Amino acid sequence: MCGIVAFAGVTTCAPVLVEGLRRLEYRGYDSAGLAVHTGRGIEIVRAVGKLGRLAEALQKRELPGTVGIGHTRWATHGRPSERNAHPHTSGPVAVVHNGIIENHAALRRELEGEGVVFSSDTDTEIVAHLVARALACGATNLEAAVRVALGRVTGAYAIAAVSSNEPDVIVVAKQDSPLVLGRADDAWLAASDIPAILARARDFVLLEDGELAVLRRTGARITKLDGTPVERAPKPVDWDIDQAEKGGFSHFMAKEIHEQPRAVEATLRGRIRRGSGEITLDGIGISGDEAKAVRRVYFVACGTSAHAAMVGRYWIEQLARVPATVEIASEVRYREPVFEEGDLVVAVSQSGETADTLAAVKAAKTRGAKILAVANVLHSAIPRASDGALYTHAGPEIGVASTKCFTTQLAAMLVFALWLGRARGTLTEADAARAVDALLRVPGQMKELASDGAKAEAVAHATRDARSALFLGRGTAFPIALEGALKLKEVSYVHAEGYAAGEMKHGPIALVDRDLPVFAICPKDRNHEKTLSNVQEVRAREGRVIAIATHGDRDVAALAEHVLEIPEADELVLPLLTVVPLQLVAYYAATLRGLDVDQPRNLAKTVTVE
Ligand code: AGP
């Protein structure tokens with residue numbers, strides 16, 4: 001979704017802003033723009049399409065100045081066009097915005113009634129006019145005017161504003177959309193996400209909802225919207241810039257698939273030990289007694305994170321013997337869910353900022369549920385709204401299609417299920433130790449899988465003309481089927497469906513013919529034979545079977561056109577392995593088609609609108 005970068009420093013800011021916006025490209029966008037104090041006032045450059053177009057426009061125009069704001073827009077109100085691209089201006093003011101102003105229609109009518117002429121279809125332009133109007137009506141400076149303007153709007157926003165009357169000042173504010181401040185030598189920056197300013201800033205401050213900050217080269221002053229001062233010291237983060245670069249890979253998605261062994265290892269580190277059933281989880285906010293009293297686990301998540309949650313459900317029920325359900329976060333409010341004492345809501349979100357998941361967390365919280373966040377971004381909104389957090393340590397994930405965040409979510413949730421099982425006495429120490437050892441072998445096994453891309457590439461070639469694909473699995477392989485289908489459709493735009501293998505005969509079998517690739521996830525697990533029967537049913541209808549199977553499984557090999565092998569492993573950890581070849585197939589399917597793998601059309605990395 002939209003990305004914001006702001007810079008107040010001593011060097012020319014346009015290249016810094018473009019560099020920051022490039023690092024936010026993964027969020028998804030369709031136009032971009034900058035507003036810079038040039039000494040002649042504020043100058044604006046905007047362009048439709050990718051950042052290359054903005055860079056071209058900048059080459060044709062000198063844009064000096066050391067204070068400015070930049071934006072990538074993901075269209076919500078008004079189609080992608082230069083007139084709708086941010087920044088939006090009114091009088092001396094220029095504004096960029098991420099989020100949605102929910103009362104925009106009423107405010108627009110009001111402003112038009114006062115004679116304001118709009119030059120875009122966006123909700124953001126309203127903010128620019130409100131700020132300019134406040135200045136015209138006596139607000140003493142930009143900061144005061146932004147406060148007045150934000151008092152009128154409802155909805156979600158992160159904004160950055162500049163005024164030609166205050167050449168050294170940027171005012172930023174946030175409500176339900178992410179914004180982080182960064183301190184550098186001789187500069188202060190702000191951005192929608194840490195990677196955008198990681199190359200420049202040393203320390204970071206996360207702005208909270210309802211807060212506003214005034215940035216100058218020399219400092220940042222944070223207050224609440226009502227003016228109450230906020231003291232929050234900047235803190236360093238343990239991400240390094242190399243993790244946010246492609247590091248020799250052609251795409252972030254490829255790099256992130258290959259980073260999975262390291263990311264899973266980092267997520268397990270300090271929490272489990274070889275040969276031991278003792279699990280250490282700090283910061284989850286659940287005591288041993290509370291663990292014993294848990295009566296139900298209720299997962300909320302979206303997209304890939306919801307698939308990870310579905311695997312988590314199997315583990316929680318199997319290991320901790322607690323009933324568990326998974327709810328797509330965007331649906332929670334419409335169900336009017338009933339939460340009771342002993343309910344534990346687990347919110348899974350790599351970004352920690354997904355608006356639907358955050359809304360579900362808030363809805364659960366008001367009904368008195370205890371909430372645990374599983375997130376990758378430290379101190380992001382969902383962990384902050386929860387009672388405790390179980391962080392994954394995947395490092396920044398830039399590719400829009402989630403890969404390493406998915407497998408680290410799985411690793412974290414398996415560890416949590418083991419912890420809960422031990423705390424509740426449903427899992428023996430020996431069984432926990434066996435699972436731990438299997439889990440500790442996973443990074444090495446993933447490494448083998450990730451480096452053997454040739455077979456996945458061959459499958460992508462062999463199926464390149466397919467217009468649709470079916471993914472089947474049973475048990476924990478079912479969510480992996482869903483995830484395999486999601487990965488393929490996200491990056492290659494091939495229609496794909498994931499199904500519980502046993503459900504195939506109830507409908508999707510009608511699709512099976514000699515043109516339909518059917519990806520069967522059938523590793524050696526308790527469901528192996530049953531899944532194999534489904535594979536037989538596909539073969540009997542001349543369907544093309546691509547199997548994800550355990551190394552050396554001849555029964556599967558006899559039925560499949562292609563076999564993508566995984567090493568033998570304890571069945572508990574199979575989801576962490578079977579997904580890797582599916583990620584690779586999706587990746588190669590997209591690159592073969594010449595598609596933008598890291599920023600698939602219409603998609604955003606962090607979905608900050610509901
Ligand atoms: C994953 O490949 C997707 N791009 C998407 O489904 C994503 O998982 C979803 O938007 C949830 O994001 P979150 O994990 O940041 O909450």
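How many nonpolar, polar and charged residues does the lining of the largest pocket have? The lining of the largest pocket has 10 nonpolar, 11 polar and 3 charged residues. The model described here is predicted.

## The largest pocket

The largest pocket holds about 470 Å³ of space. It is lined by 24 residues, and those closest to its centre are Cys-302, Gly-303, Ala-604, Lys-605 and Val-607.

Among the elements, helix 9 gives the most to the lining of the largest pocket, contributing 3 residues.

## The largest cavity

Rolling a probe the size of a water molecule over the atoms shows where empty space is left. In this structure there are 6 cavities of 30 Å³ or more. The largest cavity contains about 190 Å³ of space. Its lining is formed by 22 residues, and Tyr-26, Asp-193, Ile-194, Ser-351 and Val-377 are the closest to its centre.

By class, the lining of the largest cavity divides into 11 nonpolar, 6 polar and 5 charged residues.

## The second largest cavity

The second largest cavity has a volume of about 60 Å³. Its lining consists of Thr-463, Ala-466, Ala-469, Leu-488, Val-494, Pro-517, Phe-519, Val-585, Ala-589 and Arg-593. Strand 21 (517–521) and helix 19 (574–592) are the elements that give two or more residues to this lining.

Which classes of residue make up the lining of the second largest cavity? The lining has 8 nonpolar residues, together with 1 polar and 1 charged.

## Cysteines

A disulfide is a covalent bond between the sulfur atoms of two cysteines. The structure holds 0 disulfides. Cys-302 is in no disulfide, and the nearest cysteine sulfur to it, that of Cys-405, is 15 Å away. Cys-405 is likewise in no disulfide, with the sulfur of Cys-302 as its nearest cysteine sulfur at 15 Å. A disulfide requires the two sulfur atoms to be within 2.5 Å.

Is each of these cysteines buried or exposed? Cys-302 has a relative accessible area of 23% and is therefore partly exposed. Cys-405 is buried, because its relative accessible area is 0%, and the cut-off for buried is under 20%. Cys-302 is also among the residues closest to the centre of the largest pocket.

Conventions
Residues numbered from 1 in each chain as written. Predicted model: local features only at pLDDT ≥ 70, side-chain atom pairs only at ≥ 80, totals over all residues. Heavy atoms only, no water. 1 Å grid on protein atoms, 1.4 Å probe; cavity = no way out; pocket = protein on both sides within 12 Å on 5 of 7 lines; lining within 4 Å. Points joined across faces, edges and corners; volume = space filled by probe spheres on them. Nonpolar A, V, L, I, M, F, W, Y, C, P; charged D, E, K, R; others polar. Helix = DSSP H or I, 4+ residues; strand = E, 2+ residues; numbered from the N terminus. Buried < 20%, exposed > 50% of the residue type's maximum accessible area, 1.4 Å probe, protein only.
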